[in-house]
Amino acid sequence: EQTGFFRIEQSGLVNLDSTDLELDPDIDTDSLPVVVVLDSGVNFPDDFANLVPIHWKASDVSGQGTPHGTLVASKVVFSHIGLQLGNAYLRARAKVIDCDIYGEQKSVSQDDMSRRIEEAVVAFHDVARIFNLSSNVDKAIEGDELSILGYQLDCLMRNYGVKFVISAGNHHLAQSCSTLEEILDDTDARIAEPADSMLGITVGAIAGAELGDVFSKRGEPTAYTRIGPGFSGFYKPDLVAYAGNLTRSLKVANDPFSYMIMPGGKLGLDIGTSFSAPVVAGDLAEVAASIPQCDILLAQALLYNGAEKTWDTSKMDKKEAIYMGNQFGRGLSVPENCKFSSPHRVTFLRTGSLRKAHKEH
């Protein structure tokens, strides 16, 4: 079987002028939940050092990586930083453990990726339950068999009680297609390994804004996001998150959802499912932190239950429901729907087992 190579892709990183970014002094960083970022290294400015308490490299990794890991980490910590720039301070919602699995490499073989991810899980599963992986191969899955790394991630989740949040992957069909509908109907838009993991949370990207001449309206899949179905026809992605839009001239749209922190503290613009996955990883951490014992499976169930549908579900037949499910999964991740009681939503969940003779109210 042909060896797969995993790449961290930056679609069109745009450097912006340096700006003074200050953390909200009222946030207790020691109490923030933790997400492990499996990427190319995180290089936040010195003032943000408390947000990255641990820097770690896989045993066979060396050298300085690309800015990708820093961009991803900024989405975990701040979600949509572009929506905070008008505020006096930035509000952090999580901190990250920096696990560098790339180093100076821009692509990593399947075997090396597998070994490095397992090494990171063994090292940190006792202190963190959420692992963000924004890396994919550049080829769509066939779907009749589970991919090698997708299967391994499932095994790691079962064996160590962790949860992977995985990017759906990106494609370049916008270079040859003229409409979003044409892109979504192309079989090459299908998710890429390891996004077919059954137990992981696969995340796609939808447009958060429609500024300028862009492919996607607000709430529609972006022109680069991969979609389902997943392995054996299962719905994928599991959730979607807002991300930057793509213009028809194949540029990064300057909208609030494409802003990220670059190494050294500068701001940059970029797009990709690499940056929608960490939004959901941070969402999951937020929800888990509000649950007794930080039960990660309970947090996942609540996040799924609180997801919002960004499409019209009225008078939808089964074929249309399947089509939409393979674009949006359960819908848009909205952690605010999951941390508090509200009408028409699950407000109490219980884990464990019951005997027939035992009753609970």
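I started with R93 and D283, whose side chains meet in a salt bridge (2.5 Å, N to O). The pair links distant parts of the chain: R93 is in the loop between α1 and β5, D283 is in helix α5, and they are 190 residues apart. I noted the rule for the term: a salt bridge is a side-chain nitrogen of Lys or Arg within 4 Å of a carboxyl oxygen of Asp or Glu. Helices (H or I, at least four residues) and strands (E, at least two) are DSSP runs, numbered from the N terminus.

I wrote down what I am working with. This is a predicted model, where local features need pLDDT of at least 70, side-chain atom pairs count only at pLDDT 80 or more, and totals for chains, interfaces and linings use all residues. Residues are numbered from 1 along each chain as its sequence is written, and side-chain values use heavy atoms, with hydrogens and water left out.

Are R93 and D283 buried or exposed? Both are buried. Buried means under 20% relative accessible area, exposed means over 50%, and partly exposed lies in between (1.4 Å probe, protein chains only). The accessible areas come from the Shrake-Rupley method with that 1.4 Å probe; for residues, only the protein chains shown count as cover.

How many salt bridges does the structure hold? I found 12. I looked at R91 and D24 next. Their side chains meet in a salt bridge at 2.8 Å, N to O. R91 sits in the loop between α1 and β5 and D24 in the loop between β2 and β3, so this pair ties together parts that are 67 residues apart in sequence. I checked the cover of each partner. R91 is partly exposed, with a relative accessible area of 48%. D24 counts as buried, at 13% relative accessibility.

Then I turned to D60 and R115. They form a salt bridge, and their closest N and O atoms are 2.9 Å apart. D60 lies in the loop between β4 (54-57) and α1, and R115 lies in helix α2 (residues 110-124), so the pair ties together parts that are 55 residues apart in sequence. D60 is partly exposed, with a relative accessible area of 33%. R115 is partly exposed too, with 42%. D60, D112, R115 and R116 are linked in a network of salt bridges.

**A patch of charge**

Which residues gather in a patch of negative charge on the surface? I listed D20, E22, D46 and D47. Patch residues have over 30% relative accessible area and no salt bridge; like charges are joined within 9 Å, and nonpolar side chains (Val, Leu, Ile, Met, Phe, Trp, Tyr) within 5 Å. Lys and Arg count as positive and Asp and Glu as negative, while His and the chain ends are not counted. The place of a charge is NZ of Lys, CZ of Arg, CG of Asp or CD of Glu. I looked up D20 in detail. D20 lies in the loop between β2 (14-15) and β3 (34-39). D20 is exposed, with a relative accessible area of 74%.

**Helix α6**

I went along helix α6 (residues 296-305). The helix is mostly covered: seven of its 10 residues are buried. What covers them? Contact means heavy atoms within 4.5 Å.

I found a cis peptide bond between E193 and P194, with omega about 5°. P194 lies in the loop between α4 (180-184) and β9 (201-207). Another cis peptide bond joins K236 and P237, with omega about 0°. P237 is in the loop between β9 and β10 (239-243).

I also noted positive phi values. S79 is not a glycine, yet its phi is positive, about 60°. S79 lies in the loop between α1 (68-78) and β5 (95-100). At 15% relative accessibility, S79 counts as buried. L250 has a positive phi near 65° and is also a residue other than glycine. L250 sits in the loop between β10 and β11 (259-261). At 39% relative accessibility, L250 counts as partly exposed.

**Last stop: S197**

I ended at S197, in the loop between α4 and β9. S197 counts as buried, at 0% relative accessibility. What does S197 touch, not counting residues up to four places away in sequence? I listed G150, L153, D154, M157, I166, T202 and K236.
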